[in-house]
Amino acid sequence: MTDVQTVHDPIARAVIECAADAIVAVDEAFRVTVWNPAAERMFGWRADEVIGRPLPNVPDELKAEFNAVQERLLTRRSGEGGRISIATRRFHRDGRLIDVRIDTSLLRARDGAPLGWVGVYHPVKDDEAAQHHMAERARLVRRLNDIVADLNAELDLAVVLDRITAALIELTGADAGGFVRIEDERLRLVSLSGLPDHLRGTTADLRSSLVGELLRSGKTVKLTTGERRLDDLIWSELPGLHTVALGLSYLQNRPYGALYALFSGRRIGHTELELLELLAGHAGVAVGNAVAYAEVVRQRAHERAVIDASADGIAVLDRDGLVRQWNPAAHALTGIAPRDAVGRELPFGIPAPGETLTIPLESGVWLNVLAAEIEETGELVVDFRDVTEAKTLEEAKDLFLATTSHELRTPVTVVQGFASTLANRWDEMTDADRRSAVATIAERAQSLGRLVEHLLRGARAGADELAVTIEPFDLVRVLEGVVAGFRSLSDLHPVDLEIAPDLPRAFGDALATDIILGQLLENAVKYSPDGGRILVRAWPEAKELVVTVEDEGIGIDPADLDRIFERFVQGEAGDRRRFGGIGLGLYIVKRLTEAQGGTISAGPARPGEPGRTGTRMCLRLASAG
């Protein structure tokens, strides 16, 4: 049953129902309001299936043409005629396309308000005008496809926008045009043709603009004639402007901008309006490609900057295991320049993804290496960092534990042995034996105390917890006290003291200096197993006080001079290892010296004298005089 209830006049209803041509009317939302029996016969849908629903017979590729016709009719003045006739195609219910000519008119209320559109459909057979129209439309669509292909091949956003505007002028015959980008609540003119270039970058309010009106309408194309406002943005600067057509471009389903076509000479037709809408739609795709490419470039630049700035060495390997990226840190760590690394295999082993390897290089550098696979590309990212210091410290700690265990074992064993003897055989021992045992226990306990004190000081020095008081103090008194204490320790090591007359007071910490000098004298005695003179001298030099301690012992290998002040390090040359120790003494000396603002250095006692050995330690402190 044909539903024409929206047509209230009985005669008009009868005419529509009896008409030989298909008559279809839609409201402003493009919902069907009239679908006569001829339309049922032509397209196959019954009236009750389409009334109140969107028009079902417009192919997707012709919706822009359909929109263009409706929009153009809305803007026609009364003297221009109220009908547009086009040759096109429409769907039959069974899916075939039917060639038709449609005469479309605007339906208005008595007060002139638009109510919708009505189309009268005629079958097309040998209509030459219709065939010409279809051929011309096909030509324009082919040209549009060529333009779109050209746009999609370009990835520079600014170039894409300029080409879109140029294509707009070519396809529509507009006198000028432009592309505006939507930036929050503003519009910005980013591309133009036929307008002064200084207008590029001009902005306008989105809400009050034609673009704002188009967004609120829910449509994608809009036509505005001279009877309406034409001062949107800067279009009024085009002399003789009478028509503005615009179409929306979307990026990721969000409005990105709009194409404006400006007409000051020729008139725009529905075909040009259709091409504008199609071009605006394709522009969104081209812009999306360019934006995505720009984002990839930006992301690559960001990643490159991160890789280049990384303190870790980073190498990217391709599927064949060849280096494709080699950052500056990789060059610094391995000594291999990018030109010598790229295109070759990694110069060291690669761990399995997620695992870590510690690898030594020929240069002596130790590297921690880990790898991660990029599943999408099959590439491998290898990260490596210098752990030489940590490796050295780890070895030093192992040595420290082993040495400390050894150093502690001897005095503890002796103390335990003599204490057990005293406890079990007290009555059997003579007074001389008991006194000797107690003396041995006291001496070994003193050794234990010194060892523990070294450990505590070393720990505090390593944690930067050494507390010193910086103030003037009497260096002469400190020197005399330390030297007096060591003169009685060994008949094989005479200790001499030479102090320059009127030596000024030092500026630093008296207790810390006492510990420093005590350690230097202890080392001088320790590393002079065959005895020998120890000379302590002090004199002023510029704004400093210089104190030297010289011995005639085994000396220091020149290769060890830069390392003897490090924690857990002892010289390896000669037979120094047989003297024991945990390698903390000179480390503490250096830290206490630096805490006072002084310096400490080591060297041979008599440089340039062949066959002579010995060590000369030089302490420099600030003078308070």
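Which residues in H6 meet which residues in H8?

Tutor: This is a predicted model, and what follows is computed from it. On the H6 side, the residues are Leu-157, Val-160, Leu-161, Ile-164, Ala-167, Leu-168, Leu-171 and Thr-172. They meet Glu-272, Leu-275, Leu-276, Leu-279, Ala-283, Ala-286, Val-287, Ala-290 and Val-291 in H8. By class, the residues of this contact divide into 15 nonpolar, one polar and one charged. Thr-172 is a residue of H6 in the contact, and Glu-272 is one of those that H8 contributes.

The geometry comes next. Two packed helices are described by the angle between their axes and the distance between the axes. H6 spans residues 157–172 and H8 spans residues 270–309. Their packing angle is about 170°, and the axes lie 10 Å apart. Because angles over 145 degrees count as roughly antiparallel, H6 is roughly antiparallel to H8.

H8 has another helix packed on it, namely H4, residues 63–75. Here the angle is about 130° and the axes are 8 Å apart. H4 and H8 are therefore oblique to each other, and H4 passes H8 in a right-handed crossing. From H4, the contact takes in Lys-63, Ala-64, Glu-65, Asn-67, Ala-68, Val-69, Glu-71 and Arg-72. From H8, His-270, Leu-273, Glu-274, Glu-277 and Leu-278 take part. The classes in the contact of H4 with H8 are five nonpolar, two polar and six charged residues.

As for the setting of these helices, the protein has 15 helices and 23 strands. Of its 625 residues, 44% are buried. Among contacts between residues at least 6 apart in sequence, 55% join residues at least 24 apart.

Some of the strands and loops can be taken in turn. Arg-89 sits in strand S3, residues 83–91. Its relative accessibility is 36%, so Arg-89 counts as partly exposed. The C-alpha atom of Arg-89 is separated by 8.0 Å from that of Leu-62, although the two residues are 27 apart along the chain. Ala-113 belongs to the loop between strand S4 (97–108) and strand S5 (114–123). With a relative accessibility of 32%, Ala-113 also counts as partly exposed. Setting aside neighbours within four places in sequence, Ala-113 is in contact with Leu-107 and Arg-108.

Two other loops call for a remark on backbone angles. Most residues other than glycine have a negative phi, and most peptide bonds are trans. Phe-30, in the loop between strand S1 (22–27) and strand S2 (32–35), has a positive phi, near 65°. Ala-542 has a positive phi as well, near 55°. The loop that holds Ala-542 runs between strand S20 (534–541) and strand S21 (544–550). Ala-542 is exposed, since its relative accessible area is 83%.

Cysteines come last. A disulfide is a covalent bond between the sulfur atoms of two cysteines. The structure holds zero disulfides. Cys-18 counts as exposed because its relative accessibility is 67%, while Cys-618, at 7%, counts as buried.

To return to the part you asked about, the contact of H6 with H8 has 15 nonpolar residues, one polar and one charged, and H6 is roughly antiparallel to H8.

How values were computed: Residues are numbered from 1 along each chain as its sequence is written. This is a predicted model: local features need pLDDT of at least 70, side-chain atom pairs count only at pLDDT 80 or more; totals for chains, interfaces and linings use all residues. Side-chain values use heavy atoms; hydrogens and water are left out. Axes are lines fitted to C-alpha atoms, for helices over the stretch in contact, and angles run from 0 to 180 degrees between N-to-C directions. Helices (H or I, at least four residues) and strands (E, at least two) are DSSP runs, numbered from the N terminus. Angles under 35 degrees count as roughly parallel, over 145 as roughly antiparallel, 65 to 115 as roughly perpendicular and the rest as oblique. Contact means heavy atoms within 4.5 Å. Ala, Val, Leu, Ile, Met, Phe, Trp, Tyr, Cys and Pro count as nonpolar, Asp, Glu, Lys and Arg as charged, and the others, Gly among them, as polar. A crossing is left-handed if the near helix is turned anticlockwise from the far one by less than a right angle, and right-handed if clockwise. A disulfide is a pair of cysteine sulfur atoms within 2.5 Å. Buried means under 20% relative accessible area, exposed over 50%, partly exposed in between (1.4 Å probe, protein chains only).
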